[in-house]
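Subject: Structure handover

Hello,

Here is the structure for you to look at. My notes follow below it.

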Amino acid sequence: MPLTPAALRALAHRTLTRQPSAQAALSQMGFLQADPIRAPARAQDLTLMQRVRGYRAGDLERLYPTLDAEEDMLPNYGFVPRRVQALLHPREVGQTRIEREHPDLLDEVRLLLRERAEVHPREVAALLGRGRVANAWGGQSAASTRALGALH
């Protein structure tokens, strides 16, 4: 089927079919954009509330450990079924700004990750510091968080 505006509208309309679970909705959509801003609610919750009977805000995060899903970029941050993520990786990406401007920070983060199985970005920032760096939107982000993103 050629990708015409009508075909794209029909495809989008099919994703509005009620699903029995968050997993079924995610599997049908293939990508669910996530947004931490809660105004009026997070994007993932607004999307799933329309597609999953009985869905409540925050259910996706509560269910995440049991879902066949991963967080990824496509091109925005969101959730994808593992079958979709397998199509995305390995990615061939050029060197990021943090890699160019703070190569020593990436090595420090790698060492920290070897010492600990899991670490929260706030812990990395507290342990390694390094302040803030420009992000892709022209704002400021923690350098350590950008380093974790580059390594991911």
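This is a predicted model: local features need pLDDT of at least 70, side-chain atom pairs count only at pLDDT 80 or more; totals for chains, interfaces and linings use all residues.

Residues are numbered from 1 along each chain as its sequence is written, and side-chain values use heavy atoms, with hydrogens and water left out.

Salt bridges

The structure holds seven salt bridges. The term means a side-chain nitrogen of Lys or Arg within 4 Å of a carboxyl oxygen of Asp or Glu. Helices (H or I, at least four residues) and strands (E, at least two) are DSSP runs, numbered from the N terminus.

Start with R42. The residue sits in the loop between β1 and α3. R42 is buried, at 13% relative accessible area. Here buried is under 20% relative accessible area, exposed is over 50%, and partly exposed is in between (1.4 Å probe, protein chains only). Leaving out residues up to four places away in sequence, R42 touches D35, P36, I37, G58 and E61. Contact means heavy atoms within 4.5 Å.

One of the salt bridges joins the side chains of E61 and R42, at 3.6 Å from N to O. E61 belongs to helix α4 and R42 to the loop between β1 and α3, so this pair ties together parts that are 19 residues apart in sequence. E61 is partly exposed, at 31% relative accessibility.

Helix α4 also holds R62 and D59, three residues apart, about one turn of the helix. Their salt bridge has its closest N and O atoms 2.4 Å apart. R62 is exposed at 55% relative accessibility, whereas D59 is buried at 17%.

In α7, D107 and R110 are likewise three residues apart, about one turn of the helix. An α-helix has 3.6 residues a turn, so residues three or four places apart point the same way. The closest N and O atoms of the D107 and R110 salt bridge are 3.0 Å apart. D107 is partly exposed at 43% relative accessibility. R110 is partly exposed too, at 33%.

Salt bridges with shared partners also link R42, D45 and E61 into one network.

Helix α2

Which residues of α2 are buried? They are A22, Q23, A25, L26 and M29, in a helix that spans residues 22-29. Seen down the axis, these buried residues fall within an arc of 165°, so they line one face of α2. That arc is taken from the directions from the helix axis to the C-beta atoms. The buried residues of α2 pack against β1 (32-33), α3 (43-49), α4 (59-63), β2 (69-73) and β3 (77-81). G30 follows α2 and has a positive phi, near 85°.

R116

R116 is in the loop between α7 (103-115) and α8 (121-128). The residue is partly exposed, at 30% relative accessibility. Neighbours within four places aside, R116 is in contact with E123 and L127.

Surface patch

L3, L8 and L11 form a nonpolar surface patch, with about 320 Å² of accessible area together. Patches use residues with over 30% relative accessible area and no salt bridge; like charges are joined within 9 Å, nonpolar side chains (Val, Leu, Ile, Met, Phe, Trp, Tyr) within 5 Å. Accessible areas come from the Shrake-Rupley method with a 1.4 Å probe; for residues, only the protein chains shown count as cover. L3 lies in the segment before α1 (5-14). L3 is exposed, at 69% relative accessibility.

Best wishes
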